[in-house]
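This report goes through selected local features of one protein model. The sequence and structure come first, followed by the description.

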Amino acid sequence: MANNQGRLYSIESDGTKFSSRCEKAPFGISYFKDDLLVSYPKTQEIGMVDIDELIMYETFAKGYEFRGISTNGTDVVSISKGKGISFMNKSGYIYKEFPIKSTDRKAFIHFDKEYIYFTDAEGQYIKCMNTIGKRVWRCELSYEVPYGVCTDMYGNVFVADRENGDILIVAADGSKYSSEFVEEIEEPTALCFDKENCQLIVADRFKSPCIYQVTYR
């Protein structure tokens with residue numbers, strides 16, 4: 001994505017991809033109840049996008065500079081610049097908000113069951129809170145710059161460290177983390193975890209997305 005333009009990509013299981021030019025500069029993306037939700041900070045909206053044509057056909061929510069977006073299957077959350085975390089129902093109605101003192105334009109969020117995880121590229125930390133706004137834990141980083149965030153079925157947290165080209169793995173209680181270098185990754189920006197197949201999918205700024213099998217000891 002560059003300045004006022006960007007693209008949406010649909011990638012098949014065999015690696016082939018289809019893209020659609022998007023003048024609204026998309027940022028966050030999430031799959032919710034058979035709809036593809038995409039956040040557009042420039043136009044201050046979250047759009048519903050046709051998964052085949054990759055074209056926005058309806059507005060889901062509007063009014064904020066929405067950045068990261070995620071869902072737990074029932075509700076949608078988004079983190080917005082200067083606003084904080086917003087909770088939305090299936091109709092896009094914002095029914096609850098938690099203010100955050102500082103939210104950079106590169107803010108990411110992940111909603112898993114009753115916990116919300118979020119990062120801010122301007123802050124060297126990863127936060128976890130519950131749905132009533134109480135902090136569960138905060139993991140301080142040394143020099144890493146956190147971008148996209150996701151969790152596995154055990155609550156372990158994966159974070160893309162774009163500046164250093166690493167994947168951070170944070171313990172479920174936020175007590176410690178490790179930095180994993182993957183040779184094929186250059187500048188990871190976003191990721192998600194496929195719990196059914198135990199695979200980590202990583203999007204890279206300069207390379208095609210990669211899928212990695214995760215094994216546990």
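Which residues lie nearest the centre of the second largest pocket? Phe158, Ile169, Glu180, Val214 and Thr215 do, in a lining of 15 residues. The model is a predicted one, in which local features need pLDDT of at least 70 and side-chain atom pairs count only at pLDDT 80 or more, while totals for chains, interfaces and linings use all residues. Residues are numbered from 1 along each chain as its sequence is written, and side-chain values use heavy atoms, with hydrogens and water left out.

**The second largest pocket**

The pocket search runs on a 1 Å grid over the protein atoms alone; a pocket is an open set of points with protein on both sides within 12 Å along at least five of seven lines, and lining residues have an atom within 4 Å of a point. The second largest pocket holds about 480 Å³ of space, a volume being the space filled by probe spheres set on the grid points, which are joined across faces, edges and corners. Two or more lining residues come from each of β17 (166–170), β18 (177–181) and β21 (210–213). Strands here are DSSP runs (E, at least two residues), numbered from the N terminus. By class, the lining has eight nonpolar, four polar and three charged residues. In this scheme Ala, Val, Leu, Ile, Met, Phe, Trp, Tyr, Cys and Pro count as nonpolar, Asp, Glu, Lys and Arg as charged, and the others, Gly among them, as polar.

**A nonpolar surface patch**

Met153, Tyr154 and Tyr216 form a nonpolar patch on the surface, and together they have about 310 Å² of accessible area. Patches are made of residues with over 30% relative accessible area and no salt bridge, with nonpolar side chains (Val, Leu, Ile, Met, Phe, Trp, Tyr) joined within 5 Å and like charges within 9 Å. Accessible areas come from the Shrake-Rupley method with a 1.4 Å probe, and for residues only the protein chains shown count as cover. Tyr216 lies in the segment after β21 and is partly exposed, at a relative accessible area of 37%. The classes are buried (under 20% relative accessible area), exposed (over 50%) and partly exposed in between.

**Salt bridges**

How many salt bridges does a search of the whole structure find? The search finds six, a salt bridge being a side-chain nitrogen of Lys or Arg within 4 Å of a carboxyl oxygen of Asp or Glu.

| Pair | N to O distance |
|---|---|
| Lys24 and Glu45 | 3.0 Å |
| Asp112 and Lys195 | 3.2 Å |
| Arg138 and Glu140 | 2.5 Å |

Lys24 and Glu45 form a salt bridge; this pair links distant parts of the chain, with Lys24 in the loop between β2 (17–22) and β3 (29–32) and Glu45 in strand β5 (residues 45–49), 21 residues apart. Lys24 is partly exposed at 29% relative accessible area, whereas Glu45 is buried at 9%.

Asp112 and Lys195 also meet in a salt bridge. Asp112 belongs to strand β11 (residues 107–112) and Lys195 to the loop between β19 (188–194) and β20 (199–204), so the bridge ties together parts that are 83 residues apart in sequence. Asp112 is buried, with a relative accessible area of 13%, and Lys195 is partly exposed, with 35%.

In the pair Arg138 and Glu140, Arg138 is partly exposed at 29% relative accessibility, and Glu140 is partly exposed at 45%. Arg162, Glu187 and Arg205 are linked in a network of salt bridges.

Phe111 is placed in strand β11 and is buried, at 4% relative accessibility. Its C-alpha atom is separated by 8.9 Å from that of Asp75, 36 residues away along the chain. Ala61, in strand β6 (residues 56–62), is likewise buried, at 5%. Between Ala61 and Ser179 there are 36 Å in space, C-alpha to C-alpha, and the two are 118 residues apart in sequence.

Lys113 is not a glycine, yet has a positive phi of about 60 degrees. Lys113 lies in the loop between β11 and β12 (115–120) and is exposed, at 56% relative accessibility. Asp34, also not a glycine, has a positive phi of about 70 degrees. The loop between β3 and β4 (35–40) holds Asp34, which counts as exposed at 66% relative accessibility.

Note on methods. On a 1 Å grid over the protein atoms alone, a cavity is a set of points where a 1.4 Å probe fits but cannot get out, and a pocket is an open set with protein on both sides within 12 Å along at least five of seven lines; lining residues have an atom within 4 Å of a point. Helices (H or I, at least four residues) and strands (E, at least two) are DSSP runs, numbered from the N terminus. Buried means under 20% relative accessible area, exposed over 50%, partly exposed in between (1.4 Å probe, protein chains only).
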